[in-house]
Each structure stands twice: as C-alpha cells, then as structure tokens.
Amino acid sequence: MNPTGFIQGCGYDGCRTFARQAGYRWVACASTGNTSASMAAYAARGGMRSLVLVPDGKISWSKLSQALDYGALTCQLRTDFDGCLRLLQELVRRAPVYQLNSINPFRWKARKLSRSN
C-alpha cells in the first residue's frame, strides 16, 4: 500500500489530500532522502505537482531518482538541509505552494492513525 516503502509515506497521503482540498496545486519539501520520494509519489498519485529542495551533494542518487521518477521538480542548492528548509518556508509564504515536511501536523496525525490500524 506504500509505493515508496518509506515510513514517511504513511502521512503524506493525508497531507496531500488536505492540500488538494485547500486548493493547492503544488506541494514542496526540503529533503535529504526519503521525504522527497514519498512526497513526490503521493503528489503524483493525487494529480499535483511537487517541488523538492535538496542540499547539493547531500542526497543519494537512488533516493533522488525516485522523486524524479514521480515527476518532482528538484533543485539542488549550495546549502545544508536547514538552508533548504529556510528557503522553502520563504517560498510557501510568497507562493501558493503547500509545505509537506515533518513540521506538517497532518503528516504526523495520519502517520499515527496508520500505525494503529
């Protein structure tokens, strides 16, 4: 039931559903691996576009390739994860993009519910 096999996927379906109901067409995350693949997979499944910000050289090709396979627009930035996250937070303040990182409360609620079933 989880196309990427990563635990992060358990919460992204609920987040994506909320984002779509709220009228967003784009979801985005800062990532160094599994988050990007899970977010991109669930965005694609829901007919949404996805953006992934990754620190240059700090993500394995196998993890990045999954995000690319699911159609994510990926940007490798000359910064660390925290720099990517800061830029993402600025982006979501200025553009109609929904942030799907670990700070998203819908992600953790959906993950908790999936573990109880």
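Tyr24 has a relative accessibility of 28%, and therefore counts as partly exposed. I open with this residue since the structure before us, a predicted model, contains one aromatic pair by the centre-distance rule, and Tyr24 belongs to it together with Tyr98. The ring centres are 5.2 Å apart and the planes meet at 50°, so the pair is classed as tilted; the tilted class lies between the stacked limit of 30 degrees and the edge-to-face limit of 60. Where in the chain do Tyr24 and Tyr98 sit? Tyr24 is in the loop between α1 (9-21) and β1 (26-30), while Tyr98 belongs to strand β4, residues 97-99. The pair thus links distant parts of the chain, 74 residues apart. Tyr98, for its part, is buried, because its relative accessible area of 11% falls under the 20% cut-off.

Let me turn to helix α3, which spans residues 61-69. Which of its residues are buried? They are Leu64, Ser65 and Ala67. These residues cover an arc of only 160° around the axis, and therefore lie on the same side of α3. Among the elements covering the buried residues of α3 are α2 (34-45), β2 (49-55) and β3 (73-77). Just after the helix, Gly71 adopts a positive phi of about 90°.

Is Ser36 buried or exposed? Its relative accessibility is 0%, so Ser36 counts as buried. A polar atom of the Ser36 side chain lies 2.6 Å from the backbone oxygen of Gly33. Leaving aside residues up to four places away in sequence, Ser36 touches Cys29, Ser31, Val52, Ile59, Lys63 and Ala67.

The largest nonpolar core comprises 15 residues, and Val27, Met39 and Val52 have the most contacts inside it. Which elements give two or more residues to this core? They are β1, α2, β2 and α3. Helix α2 contributes the most, with three residues. There is also a second, separate core of nine residues, including Ala30, Leu53, Leu77 and Leu88.

Conventions: Residues are numbered from 1 along each chain as its sequence is written. This is a predicted model: local features need pLDDT of at least 70, side-chain atom pairs count only at pLDDT 80 or more; totals for chains, interfaces and linings use all residues. Side-chain values use heavy atoms; hydrogens and water are left out. Buried means under 20% relative accessible area, exposed over 50%, partly exposed in between (1.4 Å probe, protein chains only). Helices (H or I, at least four residues) and strands (E, at least two) are DSSP runs, numbered from the N terminus. The arc is that of the directions from the helix axis to the C-beta atoms. Contact means heavy atoms within 4.5 Å. Rings of Phe, Tyr and Trp (its six-membered ring) pair if their centres lie within 6.5 Å; planes under 30 degrees apart count as stacked, over 60 as edge-to-face and the rest as tilted. A polar contact is a pair of N or O atoms within 3.5 Å; within protein, one must be able to donate a hydrogen and the other to accept it, and residues adjacent in sequence count only if both atoms are side-chain atoms. A nonpolar core is a set of buried Ala, Val, Leu, Ile, Met, Phe, Trp, Tyr and Cys residues joined through side-chain atoms within 4.5 Å.
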